Amino acid sequence: MDRKKILKKTTSVLGSVARWVFLISVGYIALYPIFVMISNSLMTMDDVLDQSVVYVPKTITFENFQTAFERLDFYNSLKSTLLIPILSGMIEVVTCAITAYGFARFNFREKNFLFGLVIATIAVPSTLLMIPQYTGFYNFDPLKIIAMFNKLTGQNLQINFLNTGFTMWLPSLFSVGLRSGVFIFIYRQFFKGLPKEFEEAAYVDGANPLTAFVKVIVPSSTVPIVTVTVFSLVWHWNEYYTTNMFLAESNRPLAVMLKIIAGDTKLANGVRMAGALIFIIPVLTVYLILQRKFIKSIDKVGIVG
Amino acid sequence: MKSNKKRRGIETMSRRAGRLFILPWEIGMVFFVIVPLFISVAYAFCEVNFKVGGIDYHFVFLDNFKYLLKEDPYYTDTLVSSLTSLLYTVPIIVAVSLILGIVLNQKFKGRIIMRAIFFLPVIIAAGVVLDILTTQINGQPPIIQLGSTSTTMSDGGGYLDATALLNGLRLPEAVTGMMSKYITMIFNLLWRSGIQIILFISGLQTIPDSLYEVSKIEGASKWEEFWMITFPMLRDVTLLVTVFTVLEEMVSTSNEVMSNAQSMISGQQRYDMPTAMIWFYFLCVLVMCGILLVPLFRSFKRKWD
């Protein structure tokens with residue numbers, strides 16, 4: 001009996017030691033680039049070339065951060081980041097929920113086919129869509145109403161959405177923005193798991209589907225809302241290709257500015273690292289604030305294929 | 001009779017409400033995805049020239065594809081290497097994230113912190129920061145290497161120290177070369193499995209504890225438990241993760257076909273050839289997935305149902 005206990009204890013200790021060795025070694029890989037970024041961004045050029053300097057620089061300098069700050073045009077690009085990609089990310093959090101609710105709760109004939117299309121959109125690379133969308137935004141007239149109006153009246157009206165936030169807001173508003181397919185999927189899985197009695201009670205009280213959704217479903221869905229918000233914020237913050245394509249100099253978000261710095265071979269490596277740090281610090285802070293809730297919410301989303 | 005009528009009423013309402021909820025998505029889908037997608041297919045069969053005031057294109061049918069497959073010196077090589085790298089990166093990513101998901105799902109002190117660390121790659125790896133970390137500048141080796149096809153790691157491997165570590169073991173050079181290559185590969189793969197880990201954790205959460213209790217009473221070992229309970233219960237999630245990984249790897253810029261196409265668009269302002277490149281690549285991936293994945297999951301299903 002005693003021996004069995006000891007054996008059990010040793011295996012459990014050994015197990016947790018093995019787990020920690022494994023987690024720390026893999027966690028090191030995840031944290032490694034951050035260490036390097038921090039140490040490189042604080043180094044002077046001499047320290048970078050000095051072979052004896054490994055992580056801790058001999059003289060700590062903040063010059064790199066200053067240069068990176070100026071080159072990023074931090075305040076302006078932060079403003080356009082918040083106004084264009086981040087706002088469109090927040091719009092997506094709302095619109096994808098609405099679409100997903102339609103897929104999760106109601107029955108109509110073409111539902112499965114359409115949901116297949118939602119999944120298929122995950123596979124469409126934005127590279128393919130960019131040029132057609134570009135020309136579409138340059139002369140925005142999807143229903144050809146303006147063209148007809150021009151023909152009838154002989155005027156030359158044109159709506160040009162390029163270099164405005166509409167290039168990102170409009171697709172998000174119709175829940176076909178950046179990675180909406182993933183968000184619709186996450187929401188739908190959660191909504192399907194909610195008991196039907198929730199809304200039935202509301203229907204008895206005379207609510208219509210929309211009020212039932214707003215008053216009953218949304219308040220009990222903090223879990224997927226937090227998950228989608230975190231992902232949406234991170235992905236929109238990082239988005240580079242579409243913003244680079246659709247937005248001109250005056251509206252460039254941080255990601256595009258960082259990319260420009262990254263490609264500038266004349267800059268010292270420390271400046272690029274400092275720029276990268278400045279870039280990830282805001283999103284990292286938001287993540288650290290939300291992460292407790294987020295990690296907990298992962299536990300509950302229960303995404304099952 | 002009466003209740004039948006009432007039920008039909010509810011069904012109609014459900015149909016109408018469902019269609020109403022997804023209506024915005026349908027509109028967006030048509031104007032921002034399907035139409036641009038068709039235009040891009042058309043471009044693949046055309047010769048496209050950008051000029052002031054519009055786009056000039058004329059139909060050349062299969063000429064773009066013929067050029068790519070017969071005359072382009074790089075395309076077939078990059079296509080083959082991209083496809084083969086998909087063949088081995090996807091299973092490894094799925095396996096690595098499954099293992100990490102299981103470990104991180106266990107109850108132990110500090111798992112919240114560990115999960116937070118493992119989410120870091122999702123934040124960083126999604127964007128421009130990764131470009132900075134992976135590009136070589138001013139003769140310095142990049143901080144991390146992506147694209148497991150790269151063999152340059154053995155030259156500049158000082159960063160991970162895998163080579164140095166293995167050299168100490170006095171193994172034959174061929175063996176150390178191989179091993180350091182695989183260690184580096186794991187390093188790279190972790191960077192691409194953030195979301196997959198999250199999906200697996202949420203899948204693991206849905207397995208009822210009672211199943212494990214029963215197996216414990218029946219005297220099953222941990223190994224049997226994994227193969228008889230965990231893995232079968234995760235079948236749907238595994239399918240989801242696999243599909244998601246294929247899609248991510250397919251459109252990621254660490255993939256040579258995609259990065260070549262992208263640089264052709266932004267560098268040479270060409271659109272016809274890159275779309276043809278991407279579409280042909282897509283077709284190959286689809287065929288490959290169809291051949292490999294469908295029978296695999298069919299056989300899984302037969303075994304466990």
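What distance, taken over C-alpha atoms, separates the centres of domain 1 of chain A and domain 2 of chain A? The model shown is predicted.

**View 1. The two domains of chain A.** Chain A is divided into domain 1, spanning residues 1-61, and domain 2, spanning residues 67-301. Taken over C-alpha atoms, the centres of domain 1 of chain A and domain 2 of chain A are separated by 36 Å.

**View 2. Where domain 1 of chain A touches domain 2 of chain A.** In this contact, seven residues of domain 1 of chain A meet seven residues of domain 2 of chain A. On the side that belongs to domain 1, the elements giving two or more residues are α1 and α2 (45-49) of chain A. The most is given by α1(A), with four residues. By class, this side of domain 1 has five nonpolar residues, two polar residues and no charged residues.

**View 3. The contact between chain A and chain B.** Chain A brings 68 residues to the contact, and chain B brings 69 residues. On the side of chain A that touches chain B, at least two residues each come from α1 (2-41), α4 (74-105), α5 (111-122), α6 (126-138), α12 (222-238), α14 (254-263) and α15 (269-301) of chain A.

**View 4. The helix α15(A) and the classes of residue facing chain B.** To the side of chain A that touches chain B, α15(A) gives the most, with 13 residues. The residues of this side of chain A divide into 45 nonpolar, 18 polar and five charged.

Notes:
Residues are numbered from 1 along each chain as its sequence is written. Chains are lettered from A and ligands numbered from 1 in the order in which they are written. This is a predicted model: local features need pLDDT of at least 70, side-chain atom pairs count only at pLDDT 80 or more; totals for chains, interfaces and linings use all residues. Two residues are in contact if their C-beta atoms, placed from the backbone, lie within 7 Å. Ala, Val, Leu, Ile, Met, Phe, Trp, Tyr, Cys and Pro count as nonpolar, Asp, Glu, Lys and Arg as charged, and the others, Gly among them, as polar. Domain bounds come from an automatic or database domain assignment.
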